[in-house]
Amino acid sequence: MDILRLLRREIKLPASQSFFLLGPRQTGKTTLIQQSFPAKGLRGYNLLLSDEFRRLAATPELLREEVAALDNSISHVFIDEVQRIPELLNEVQYLIDSGARQKFILTGSSARKIKRGQGNLLAGRAWNYHLYPLSLLEIGKDYSLSDILSFGMLPQNIVTKELDSKVKNLRAYVDVYLKEEIETEALSRNIGGFIRFLSVAAQQNGEQLNYSNIARDVGISSVTIKEYFKILEDTLVGFFLLPFAYSERKRHKLSPKFYFFDTGVLRALQKRLSLKIETQTFEFGNYFETFLINETLKISAYQEKDLSLSFLRTANNVEVDLVIQSPKGDILGVEIKSKPHPIASDFKTGFQALKSLAPKAKCICVSTANKPRIVEGYEVLPYTDFLKFIRSL
């Protein structure tokens, strides 16, 4: 049996509801669907196959006609990489509205092509799910933090033991992303400029964005830089972290941070895969922060916690790495430190700044330590304990 099929994912998919499953390439969407739904009840359309793509792109109504001819043993219609032919969603909507007995499973690595191709995302007709790289809970206890930070958590790299293979997988990932998501789908007309942008954007991972500076480094306009970051968000290889503010209007006026979805892919874009990560360096700290914020996102999404994530930076450049707000309005400030024994001066000023805005905020420092501590009244937790705490919220 394929070892990838042995991995049990946290996400729970509905059997009696049509749904989208979106996620970056190679996060295991197809494997998860095949694992979750019996093959005998599944009629699949793989739009990465050239003949299937050409057939349905030329005549989208074939989908409607073929679904109408399915026998009663088929309970689900699975369209893989649906963003490649957004017009198929009109056929899916018609079938759902007409009372089709089958449910529809629609996977893809980009919502951008669907929207630009006038696809409608089936509002109210299909639920939306997001699949991420593996979570720490899915990996289990047999892992190396250094390996995770170095090579990421894409399923193929977790099950691959040879370091050389991990490196080649990640380099190929970047090449496939540029070829199939950007060039083939014509998301950027200036592929050379986009490649230069990707390199600079990777160096800016986790930093508050200055679009004008990035534009100067890349040699294109700041308007285009903003559009390129939106492409990264829409193709699911990264996400914006907005500044903390009680006013939504103020939140969106301030400059965000941008984080890539996987530390291995990030290091491939930075061309750092051949180098060993050294602890107690800025690089190690940046990857550790990226890893933990991504893990928090996974927990919130898979457990449907609806947590709002942001960061705090004051006018005096005092910062809290992560501010988590629950639907009830409870606020948690999190300082992420990659060293094992943070001291009060590493986080106290940021927490005080947060409490001046949100006096009831709970504050936690997260580190690579093995045991929890209390430092001047603040909890300092191992990152594994912190993730358990987030799951308990």
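Predicted model: local features only at pLDDT ≥ 70, side-chain atom pairs only at ≥ 80, totals over all residues.

Colleague: OK, rings. How many aromatic pairs does a search of the whole structure find?

Modeller: The search gives 20 aromatic pairs.

Colleague: Take Phe229 and Phe240. Why is that pair called tilted?

Modeller: Their ring centres are 6.2 Å apart and the planes meet at 50 degrees, so the pair is tilted. Planes under 30 degrees apart would count as stacked, and over 60 as edge-to-face.

Colleague: Is Phe229 buried or exposed?

Modeller: Phe229 is buried, at 0% relative accessible area. Phe240 has 22% relative accessibility, so that residue counts as partly exposed. The cut-off for buried is under 20%.

Colleague: What about Phe288 and Tyr383, how are those rings set?

Modeller: They form an edge-to-face pair. The centres are 5.7 Å apart, with 85 degrees between the planes.

Colleague: And how many residues apart are they?

Modeller: 95 residues apart. Phe288 belongs to helix 15 (residues 282-302), and Tyr383 to helix 17 (residues 383-392). This pair also links distant parts of the chain.

Colleague: Are those two buried or exposed?

Modeller: Phe288 is buried, with a relative accessible area of 0%. Tyr383 has 9% relative accessibility, which also counts as buried.

Colleague: Back to Phe229. Which residues do ring pairs link into a cluster with Phe229?

Modeller: Phe194, Phe197, Tyr211, Tyr228, Phe240, Phe258 and Phe260 are in the cluster with Phe229.

Colleague: Which ring does Arg43 lie over?

Modeller: Arg43 lies over the face of Tyr45, 4.1 Å from the ring centre. There is also Arg84, over the face of Phe53 at 4.3 Å from the ring centre.

Colleague: New topic. How many cavities of 30 Å³ or more turn up?

Modeller: Three, in a search of the whole structure. The largest cavity holds about 60 Å³ of space.

Colleague: Which residues line the largest cavity?

Modeller: The lining includes Pro133, Ile148, Met153, Phe261, Asp262 and Thr263. Thr290, Phe291, Asn294, Glu295 and Lys298 line the largest cavity too.

Colleague: Which helix gives the most to that lining?

Modeller: Helix 15, with five residues.

Colleague: How does the lining of the largest cavity split by class?

Modeller: Five residues are nonpolar, three are polar and three are charged.

Colleague: And the second largest cavity, what is its volume?

Modeller: About 40 Å³. Tyr173, Val174, Tyr177, Val237, Phe261, Val265 and Leu269 line that cavity. Phe261 is in the lining of the largest cavity as well.

Colleague: What classes are in the lining of the second largest cavity?

Modeller: Seven residues are nonpolar, with no polar and no charged ones. Helix 9 (163-183) and helix 14 (263-269) each supply at least two lining residues. Helix 9 gives the most, with three residues.

Colleague: On to strands. Which way do the residues of strand 1 point?

Modeller: Strand 1 covers residues 19-22. Phe19 and Leu21 point one way, Phe20 and Leu22 the other way. All of them are buried.

Colleague: In what sense do strand 1 and strand 4 pair?

Modeller: In the parallel sense, over four bridges. Strand 4 is residues 103-108. There, Leu106 is the bridge partner of Phe20.

Colleague: What about strand 1 and strand 5?

Modeller: Strand 5, residues 127-130, pairs with strand 1 in the parallel sense, over four bridges. Trp127 in strand 5 is the bridge partner of Phe19.

Colleague: Last bit, single residues. Where does Asn169 lie?

Modeller: Asn169 lies in helix 9. Its relative accessible area is 26%, so Asn169 is partly exposed. Asn169 and Gln156 are 13 residues apart in sequence and 7.9 Å apart in space, C-alpha to C-alpha.

How values were computed. Residues numbered from 1 in each chain as written. Heavy atoms only, no water. Phe/Tyr/Trp six-rings, centres within 6.5 Å; stacked < 30°, edge-to-face > 60°. Buried < 20%, exposed > 50% of the residue type's maximum accessible area, 1.4 Å probe, protein only. Lys NZ or Arg CZ within 6 Å of the ring centre and 35° of its normal. 1 Å grid on protein atoms, 1.4 Å probe; cavity = no way out; pocket = protein on both sides within 12 Å on 5 of 7 lines; lining within 4 Å. Points joined across faces, edges and corners; volume = space filled by probe spheres on them. Nonpolar A, V, L, I, M, F, W, Y, C, P; charged D, E, K, R; others polar. Pairing = 2+ DSSP bridges.
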